[in-house]
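Look at the model first, then work through the points.

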Amino acid sequence: SKARIGVYGLGTMGSALALNFASRGIPTAVCNREIDWIAPFLQEAGPLADHLSGAETLQAFVASLETPRLILMMIPSGAPIDAMIAQMQPLLDAGDTLIDAGNADFNDTRRRSSDFAGTGLHFVGMGVSGGEEGARTGPSMMVGGSEHSWAQLRPVLEPIAAEFQGLPCVAHVGPDGAGHFVKTVHNGIEYADMQMIAEVYGLLRDHAGMPAADIGAVLAGWNDGPLSSYLIETTAKVLQTIDPETGKPLVDLIQDQAGQKGTGRWTLIEALKLGQSASTIEAAVGARAWSSAKEARVAAADVLPAGALDVVLPAPDVLAQALFAGRILAHIQGFEILRAASAEFTWALGLAEIAEIWRAGCIIRSSFLDDLAEMLRASGSEPVLLVPAVGELLTPILPALRQTVSAAMQAGLPMPAMAAALSWYDSARQARGTANLIQGQRDAFGAHGFRRVDHDGVHHGNWGA
Ligand code: 6PG
């Protein structure tokens, strides 16, 4: 009998997804560029191999699938996807759907979708979050592409998805590149959240001189409160892990240079194109970029003065409240980027539904996302900051954010993402901002014109007169 879905690419994520399909009894065909990976994969699958079949050529792989076919590619983004599409396309028939389940630039996904238009074939960009464990046991999935493809995919994706209170964390979020866009913004929020946790870690390590394990214990405690989330839980574990070789906290032995594969940067680039502020995400992307300039930082540490002021470190519960406020504001920036993209690309993204499918399975899952989903369900088209429950959540914890950011600034310790969150918030709630001066400057040197508060039309000043 034929397989219901084909998984091409037996790297970490592809293998985990194929095993997840098999574990739900979904007949799954697998294929890989290096064909010698296939037999060991089937071998290691144990009893799950009953639902798996391996194919050593693309022809055999395609021929082993039920029609209309579903082929999920989990291979590196960019040129490899285009090359794979070119090889696969001649083997497919009208009604078949080809899925790119990796992290892809949604602009590429839009281009590929429009290349498929008129061929009878369907192209789906799908975001999959949750890392290896998520992919194996229940990821959160953000599906783009056509209704036709969603109708095909839904029966095989719902069984493998993470569940939140019995609801599968998978949705058809919109057409063409919408799935990859939503995944990209998920990762942007992931970057910001990780960075803010690291900023608080930095304050505790470098101002309070706290050992890693103690900071880990503080975070583990926070995980029982409003900050409860996968990232806090995981960070606590990372901080509490001891290197068996040296007996030291492993985190202290890791080089302070962060990698990035591009999703955070994509979020930022798209946010800027859409005229949205992604300042918390920019801070996180920038901090990772700066982290690689190790030599320059080491040199600067000796020569650049801090000009620091004495400051008392806020108590841990104040830091927790500050982190929670930062988390809320970073999510709101992310959701406003989604809203702007939805309007720009006429996607009709359901913001509440997106928050709902992020409540389990994905990296940013948290108790706050459950609150946010509820708030978005109850709200209309107003900016997320203006949803009344947001103000209610922020009111008691804003002083903590101010106190924490101020303490870092005074101590000379970096806190770029949390400071950006706070400044963005303060800009957003300013009824009369300072752009009147910007307009005056623009007119003074470039005669760009400005609008007056008391007259209609475009005016110019007689500057300096
Ligand atoms: C997820 C993660 C996952 C991953 C990326 C981002 O949702 O499961 O976001 O996609 O960790 O590779 O990682 P970088 O930090 O390498 O950009």
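Leaving aside its neighbours within four places in sequence, which residues is leucine 376 in contact with? They are Leu351, Ala352 and Ala355. Two residues are in contact if their C-beta atoms, placed from the backbone, lie within 7 Å.

This is a predicted model: local features need pLDDT of at least 70, side-chain atom pairs count only at pLDDT 80 or more, and totals for chains, interfaces and linings use all residues. Residues are numbered from 1 along each chain as its sequence is written.

**Leucine 376**
- Leucine 376 sits in helix H16, residues 367-378. Helices (H or I, at least four residues) and strands (E, at least two) are DSSP runs, numbered from the N terminus.
- Leucine 376 counts as partly exposed because it has 19 C-beta neighbours inside 10 Å. The scale runs as follows: buried means 20 or more other C-beta atoms within 10 Å of a residue's own, exposed means 12 or fewer, and partly exposed is in between, with C-beta atoms placed from the backbone.
- Glutamate 356 is 20 residues from leucine 376 along the chain, and their C-alpha atoms are separated by 9.7 Å.

**Domains**
- The protein chain is divided into domain 1 (5-176), domain 2 (183-428) and domain 3 (434-465). These bounds come from an automatic or database domain assignment.
- The centres of domain 2 and domain 3, taken over C-alpha atoms, are 38 Å apart.
- Over residues 179-464 the chain is 62% helix and 1% strand. The end C-alpha atoms of that stretch are 53 Å apart.

**Ligand**
- The shell around the ligand has 13 residues, and Ser129, Asn187, Gln260, Lys261 and Ile363 come nearest. A residue is near a molecule if its C-beta atom, placed from the backbone, lies within 6 Å of it.
- Helix H8 (178-206) and helix H11 (263-273) are the elements that give two or more residues to this shell.
- Domain 1 and domain 2 both give residues to the shell, so the ligand lies between them.

**Nonpolar core**
- The largest nonpolar core has 133 residues. Such a core is a set of buried Ala, Val, Leu, Ile, Met, Phe, Trp, Tyr and Cys residues joined through C-beta atoms within 7 Å.
- Leu72, Met73, Val143 and Met418 have the most contacts inside this core.
- H8 gives the largest share of this core, 15 residues.
- Domain 1 and domain 2 each supply at least three residues to this core.
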